[in-house]
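Thank you all for making time this morning. Please have a look at the sequence and the model as they come up on the screen, and then I will walk you through some of the parts one by one.

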Amino acid sequence: MSWLMHLRQTYDNNEQRVGQFERNRFGREYALIPVSHTTQSAHIEILLSLKGELIRAEVVDKEDANTIIPCTEDSASRTSAPVPYPLFDKLLYVAGDYTQFCGEVKGTPHADYMNELRQWCQSPDAHPKVRAVYAYLSKGTLIADLIERKNLWTDAQGRLLDKWTPEAEKQHGEKPKIFRVLAGDQSAAFVRFAVEAPGESESRLWRDPSVQLAYIRYMEREQAERELCYATGKWEPCVDKHASRIRSSGDKSKLISANDSLGFTYRGRFKDSREAATISFSTSHKAHNALKWLIERQGVNMGGRVFVVWGTDDPDAPAPHAASFSLYDEDVEEAPESGDPTRREFAERIRKALSGYRSRLMYNENVIIMVLDAATTGRMSVVYYRDMDKELFLDRLEEWHLTCYWLHRYAKNKEGQPIVFPGAPATRDIAFAAYGSRVDEKVEKGLLERMLPCIVDRQPIPGDIVRSAVNRASNPVGMEPWEWEKTLSIACALVNKTKKGEYEVSLDTASEDRNYLFGRMLAIADVLERSALSKEERRASNAIRYMNAFAQHPARTWSIIQKSLQPYQARLGTKGTHHNRLLDEVGAMMKPEDFTDKPLSGLYLLGFYSQRHELYKKKAASNGAIVPGVDMDLDSEEDMDE
């Protein structure tokens, strides 16, 4: 029950935001929904007078469709059963002339809707604007009015069109707006109401706090006897049915459900669901509404699996799956400078970025990490849950960014300009490096879940992920140059993490590790050959072409690479003296017993990257040029030789 309590606590701590619409990073509107309310996407908006007279009707734009609607316990969890919402709903419920234009229906959905609305209008908590809606709908002319105002369209028989056809286009002209916002036929349109009242600026009922409060009070009067809530430990009115539409407006999966009447769920252990657990009305609504709000606000949805991280007092918390650059981009005033900062400079950036979160979060606040997924359309589960002290969480996050460290060249800033950033890659980019750009979504979301314990619990990165990234980085001829460069830097970060962040991007000239030295030799051979090639001869060097074989049989493959270097050494003449001398120096550091065909570990990639980076920096500095790959957008690694 801890996740329920933390979500309810989050709701209570952010109650001042209830009903306030914001836009997320995708431009969609969202809000922290009041108790006894849920959200739906509306298709038609109707403006009424306080006397219940129709003023205007229009089709709603997709960007403005998100609507907060009152709901009952049954309607909030409805699937195929005809259970009406109390105020806003589909034409099937709100239109008295539905059968005239759409044919016969099962049951009495409109009568049930009107009966529920009438009970609210007759209660002490009735609202005059709601009475105006009831007065208008009592006339039973809703669909006819919408057809007259060209919001809905009929066929030759006077029935609502199921879809827009070429015949309808010949008859009516351009495709109407209603068919551009509806996925199904017109009969599925969801209707919301606005009421103009003298002296009031807010006519939209779904954004009117007084209407929302009136319904909350009405529901409180209707609630049943009190029982023990297993989440709060208090005696409160409890519910049997719980909210769906958690991940999106079309999501039917529920986190809490006990509607199996065939005896499979309880297996004789309990007589009914309440013997297993009872959840109060307020806890269920607050927890589910807080979770919906957090997912819209800062959740990451990957193939239906949702990752969300938040603080119980301040919902803003750094995402563990994000790259290091996201921390500076959001929390440091100045953007990261281009180039290769030292580890000390980078560590200071990370600490400065995280200090903003440390100062905002309460001293006793928890940070919650939650992953949700649904195996079926009706049941959702919490596949990962972690409740951590905020200081411990930030310490672990800082350690991750400082140890899974390398220099990356694939990111872009807010203006879309390519940048270089030091630090840890995002877990999505790790999936890219390990499995390629066409990685299956199931594999990708599985990797994100597997990486979470590595970040927040100091668990080692799974060996298969590191091996896969290293193997792909060792096979550059199988990828586009930009893809290989990205894979290479991420693989280096993962290998460095396995070494507890001991290595830096700057070249370690004192290292005598055979893997590191072989990597340096490969980089020198690559740069030497490229230096001898003209622009017309541009191609992958022999060092790059043999890289995969070199990783498996370094001694044998090196003899092939060295023979292929001789024509280019001769072509360069004295211009290649520095590279030849450097190659001799590195080779001399290799112990004879290490010059074998034993396969190289991923550490050779660090030696390769650092040596190549160092050579290009020196070349650019001697020419007074920009450091290649740092301040220019490289379409391929060959551009480094310009």
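Before I point at anything, a word on naming: helices (H or I, at least four residues) and strands (E, at least two) are DSSP runs, and they are numbered from the N terminus. What you see is a predicted model, in which local features need pLDDT of at least 70 and side-chain atom pairs count only at pLDDT 80 or more, while totals for chains, interfaces and linings use all residues. Residues are numbered from 1 along each chain as its sequence is written, and side-chain values use heavy atoms, with hydrogens and water left out.

Is Leu152 buried or exposed? Its relative accessibility is 1%, so Leu152 counts as buried, where buried means under 20% relative accessible area, exposed means over 50%, and partly exposed is in between (1.4 Å probe, protein chains only). Leaving aside neighbours within four places in sequence, Leu152 is in contact (heavy atoms within 4.5 Å) with Ile44, Leu91, Ile143, Leu146, Ile147, Leu160, Ile178 and Gln186.

From one buried residue we can go on to whole cores, a nonpolar core being a set of buried Ala, Val, Leu, Ile, Met, Phe, Trp, Tyr and Cys residues joined through side-chain atoms within 4.5 Å. The largest one has 92 residues, and those with the most contacts inside it are Phe393, Trp400 and Leu605. Helix α20 (residues 514-532) gives the largest share of this core, 11 residues. There is also a second, separate core of 84 residues, which includes Leu205, Val211, Leu294 and Leu372. Coming back to Leu605, and not counting residues up to four places away in sequence, we find that Leu605 touches Val470, Ala473, Ser474, Leu488, Ala491, Cys492 and Met547.

Next comes helix α16 (residues 427-435), which is largely enclosed by the rest of the structure, because 7 of its 9 residues are buried. Those buried residues are Thr427, Asp429, Ile430, Ala431, Phe432, Ala433 and Ala434, and what covers them includes α15 (390-403), α17, α18 (463-473) and α19 (481-498). After α16 comes Gly436, which has a positive phi, near 95°.

Now to charged side chains. Side chains of opposite charge can pair when their charged atoms come close. A salt bridge here is a side-chain nitrogen of Lys or Arg within 4 Å of a carboxyl oxygen of Asp or Glu, and a search of the whole structure finds 28 of them. One of these joins the side chains of Arg8 and Asp12, at 3.8 Å from N to O, and both residues lie in helix α1 (residues 2-13), 4 residues apart, about one turn of the helix. At 13% relative accessibility Arg8 counts as buried, whereas Asp12, at 32%, counts as partly exposed. Arg8 and Asp12 also belong to a network of salt bridges that links them with Glu236 and Lys286.

Which parts does the salt bridge between Glu449 and Arg305 tie together? The closest N and O atoms of Glu449 and Arg305 are 2.5 Å apart. Glu449 lies in helix α17 (residues 441-456) and Arg305 in strand β13 (residues 305-311), so the pair ties together parts that are 144 residues apart in sequence. Glu449 counts as partly exposed at 21% relative accessibility, and Arg305 as buried at 13%.

I will finish with a sheet, for which two strands pair if DSSP finds at least two bridges between them. Three strands form an open, antiparallel sheet in the order β9-β10-β11, and its edge strands, β9 (226-228) and β11 (279-280), each pair on one side only. Between β10 and β11 the antiparallel pairing runs over 2 bridges, and Val239 stands opposite Ile279 in β11. Strand β10 (residues 235-239) also holds Trp235, which is exposed, with a relative accessible area of 59%.
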